Structure formats: C-alpha cells, structure tokens
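Me: Hi, can you walk me through this one? I'm new to reading structures.
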Amino acid sequence: MPNSSSIGTMTVFDIVVIGSGPAGTTTARYAAEKGLSVLMVDKKQELGAPIQCSGAVSFNALDNAGVFPSPEFIQEAIYGFAIYNGQGQKKVIDYRKIKPGEYGSEAGAKPLGFVVDRRRFDRYLATQAERAGVTIWLKTEALGYRVLDDGSCEVALKKFNDTITVKAKVVVGADGVQSQVGKWAGIKTHIKLSELASCLQFVVDGVQTEGLLEIVTGHEWAPGGYAWVFPKGHGYAEIGLGVTRTMCTDNAQVYLDKFLKQSFFKERFKNCRILEIQGGGVPLAAPLKIQHADNLILVGDAARHVNSITGGGIHTALSSGKIAGNFLAALLLSGEPCTKENLKGYHNNWLNAMGNNMWKLYEVKRKIFDTADIAQRDEQLYATMSNYFSVDSEYKKI
Amino acid sequence: MMSTKDPVVFEVEWNACIKCGACVAVCPQEAGFTSSFDTIAVNKACDIACMFCQTVCPVNAITHQTLFSTEAAVF
C-alpha cells in the first residue's frame, strides 16, 4: 500500500485531492490502485453532507466506475421515467415494459438505475478509496497551492486547528460547484447566474411512486429547469425543482410551494408531509474550456462536468474521476512532470470519452432556453426530455 | 472587476440558509470571498455588488446593506 513520505518535516504525496464527493473519491481511488500515494482532504466533518443532490444515478454509471450497487447506499431501484409537460400530459418510458426480462425486480433482471443516499454513497466511495490506499483527512480545509521550482507544488491545509503544508506532484480540485481550487490557478470557475439552476427539494412521506423518475417540464412550474418526483425508498419520495433565476420572478422556494399546491399533482401531494429540506446549485453550464493548470486539474462539478439537460452530475463525476485517476497514474509513473502542457492530456481524454458529448448537450440546452416564445420553449423541452430518456437516445451513456 | 456601484455588506440569515453553496458558485470575485460555512462572506464589504448571490439563493437567505464608497475602508 503506497504511503506518504517525508522530506524534513514536510509530508509528501503524489496527489492531493481536494473534495471528497464522487469525483474526488473516484480520482483518488483509481490513482491509488495504480500505486500512487494519494491524500484526499475535505473541510467537512461528515461525508456526503449537507445533501445538495437528488441522488439519481444509472446502473451503468456505477458499473463503469467499478462501484458495486450496494444496499448500503441504495434507497430505491429505478426502472424508467415519466416525462410530463406543463399541463400534465405524460410520456412514460418504463424499461420493465420496453425490455422485459432485462430490466425489472425479478431474478435475472436488473434495475436501470437507483436513487442513492448521498451520505452513505459518498461514504461508500470514500471507503473504497481508503481501502485502495488513499489517506483521508476530514476537517481539513485547503487554503492554497504554490508551484515550486522543482516541478512539484505545495498545498497549504488547515487540519482542525493546525496549519500544515504538504508537498505533491499534482493537486486535484474536486471541490464542487463552489470550487475555489480553480481560482487559485487563475481559472475562472464562477458560473453565470443564467447558467446555475437554483434547486430545492423536500424529502416527503405520503406520496406514492412507481419506480420511475418523474420529470415535470413547463415554464409555469420551473422556468429554466424542471420539477421532479423521485422515489426515495421506504415509502418516501423527493419532490423538488430547479429554476434558472434569470428566467423567473421568484426564488425556488416560491416555485416549489406553487408546484405542491397548484400543479396537476396537487391532489397527489395533498397529504404529503415534509421530512427534510435540501438544496443545491446545479451548473447547467458549458464545461470549463480550461480544466488544468501547472500541477493542477479540476474534476466533477468544479469543472462543470454536469449533464446540462438533466442536471445529473454523479455519472459525469464518476466518469471524469476515473479518467483523471488513470491519466495521472500513467503520467506520474512515466516520470514526466505535471506541467500544464502535460496535463492537457487529461482534458483530451475527457473530451474523447465524454466531454464532446457534454458540449453537444449544452448546445441543445442553450438552444431550448434561448427560445423566447414560452410555449415553443416548453414544447422543445418536453420533446427533448422525452427523447433523451428514450431507449434509442444517442446520449444514453452520459 | 470595476463597478460604479457602492459597496455592500451581505448578511446571511443562518436559520434560512440551506448550505447549498449556490451563492458561492455564482460569485465572480477572486478566491477568498467566501466564508467557512459555504456561503458568501459577511465579514467584509463587496465592492462589485452584482447581487448574483442574493438573487440565486433558493430560500432568500441573503440580504444586504449598501455602504457609501468612503465607508468601505472600515471593513
């Protein structure tokens, strides 16, 4: 198992990963499995909290990243989608009916995806990373990094009350939508107000679901986004929405209240009881054009690796983490320095594997939300969402 | 970033804040204009006053007071 070494009093790692979400843990795990010494830090005291995510992820996404779909983190299995327009007309895409035997809850069949508990999911991923040899420090805030003359860099950390400097060959910014790591290297990571979905969801009791992710489109309910009802296991559900603030007059809270009380689901929601409140900012933005600098790369939400049609970010985080971990392992084991030029290979690998498709999705999304006529825009979003989740969608792997 | 607006000081209503980080994500300031609590900083004046943070907040937890430019120095 690879361990850190010391020069004088300075601790040395090959890689320091900042942020312990799906992107960070996956990058760390793949790099450590190849024999690198990896430190992963997070300023939080608990993994996966506070929850800023609905937790929907496909079976394939887990499978491709070597994550076993464990009951430890699965809240409910998903078998398809129901896409609604603003008036309540729906298109159901139930893979239990489209491909019986392949998808389903019976023996020999599999789910299409899951809603996961992000606290347990992130902890599971961190455990996998830890077992691969990654050192994890929680309650450790990353304060900054500095490129050194010898081609490596040092990272300033605050671990509980102690200020510590560690030396590394490369820093991985996996610090989420609020990313500060990119800013250290002069990368403009802030997201335009017009491209950040402001999301709010309630975990509720008393709302029936049927193993489908239900997506409600329409400017009336969620301008510049959509509303959702997701199964949450044990009879619970998530009711939430994301709005683009430049396209609406009120905040997400007002829209969620309206969705609960006035939408075509109002009878269905009548007796729901709110158990938890969660929220997040979801970048429905173009991926960053530059995701690397000298001794530094960005992964996951920090690089805006988010599907801008669905707002989904777990799959993209796991995939980019795997690409980043494998790339860094190969680069470091080759003995080449982590210059900006050499790290461009990570960006290229990412573009080839998924980035080019993410750019396409972003263009589709932009075209829809740039449509001035609301009725036309609603129609386009409903059609696009319905196509996106259909069995022959060209984007199924994102 | 230059702005002709007067600087503002933000206030976060901690009871309303859901720690979603959207305010930090849209902040165009250089690194550092954030608090340890994943929200926008409240202990110093913001001189660009773009108000993106206040606008994007899903639960209206952020409010602000306007300072006149000359007052900003005290923060």
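Reply: One term to begin with. Buried area is the accessible area (1.4 Å probe) that two parts lose on being put together, summed over both. Also, this is a predicted model.

Me: OK. How much area do chain A and chain B bury between them?
Reply: About 2000 Å². Of that, 56% is on carbon and sulfur atoms.

Me: How many residues does each chain put into the contact?
Reply: Chain A gives 27 residues and chain B gives 23 residues.

Me: Which residues in chain A lose the most area to chain B?
Reply: A:Gln178, A:Lys183 and A:Leu193. Together they make up 26% of what that side buries.

Me: How many salt bridges cross the interface of chain A and chain B?
Reply: The rule finds 2. In a salt bridge, the side chains of A:Lys43 and B:Asp38 meet at 2.7 Å, N to O.

Me: New topic, helices. At what angle do helix 1 and helix 4 of chain A cross?
Reply: Roughly 15 degrees. Helix 1 covers residues 22-33 and helix 4 covers residues 118-131. Their axes come within 8 Å.

Me: What do we call that arrangement, and why?
Reply: Angles under 35 degrees count as roughly parallel. Helix 1 of chain A and helix 4 of chain A are therefore roughly parallel to each other.

Me: Is the crossing left-handed or right-handed?
Reply: Helix 1 of chain A passes helix 4 of chain A in a left-handed crossing.

Me: Which residues make the contact?
Reply: Helix 1 of chain A uses A:Pro22, A:Thr25 and A:Arg29. Helix 4 of chain A brings several, including A:Phe121, A:Asp122 and A:Leu125. By class, the contact between helix 1 and helix 4 of chain A has 5 nonpolar, 2 polar and 3 charged residues.

Technical notes:
Residues are numbered from 1 along each chain as its sequence is written. Chains are lettered from A and ligands numbered from 1 in the order in which they are written. This is a predicted model: local features need pLDDT of at least 70, side-chain atom pairs count only at pLDDT 80 or more; totals for chains, interfaces and linings use all residues. Side-chain values use heavy atoms; hydrogens and water are left out. Axes are lines fitted to C-alpha atoms, for helices over the stretch in contact, and angles run from 0 to 180 degrees between N-to-C directions. Helices (H or I, at least four residues) and strands (E, at least two) are DSSP runs, numbered from the N terminus. Angles under 35 degrees count as roughly parallel, over 145 as roughly antiparallel, 65 to 115 as roughly perpendicular and the rest as oblique. A crossing is left-handed if the near helix is turned anticlockwise from the far one by less than a right angle, and right-handed if clockwise. Contact means heavy atoms within 4.5 Å. Ala, Val, Leu, Ile, Met, Phe, Trp, Tyr, Cys and Pro count as nonpolar, Asp, Glu, Lys and Arg as charged, and the others, Gly among them, as polar. A salt bridge is a side-chain nitrogen of Lys or Arg within 4 Å of a carboxyl oxygen of Asp or Glu.
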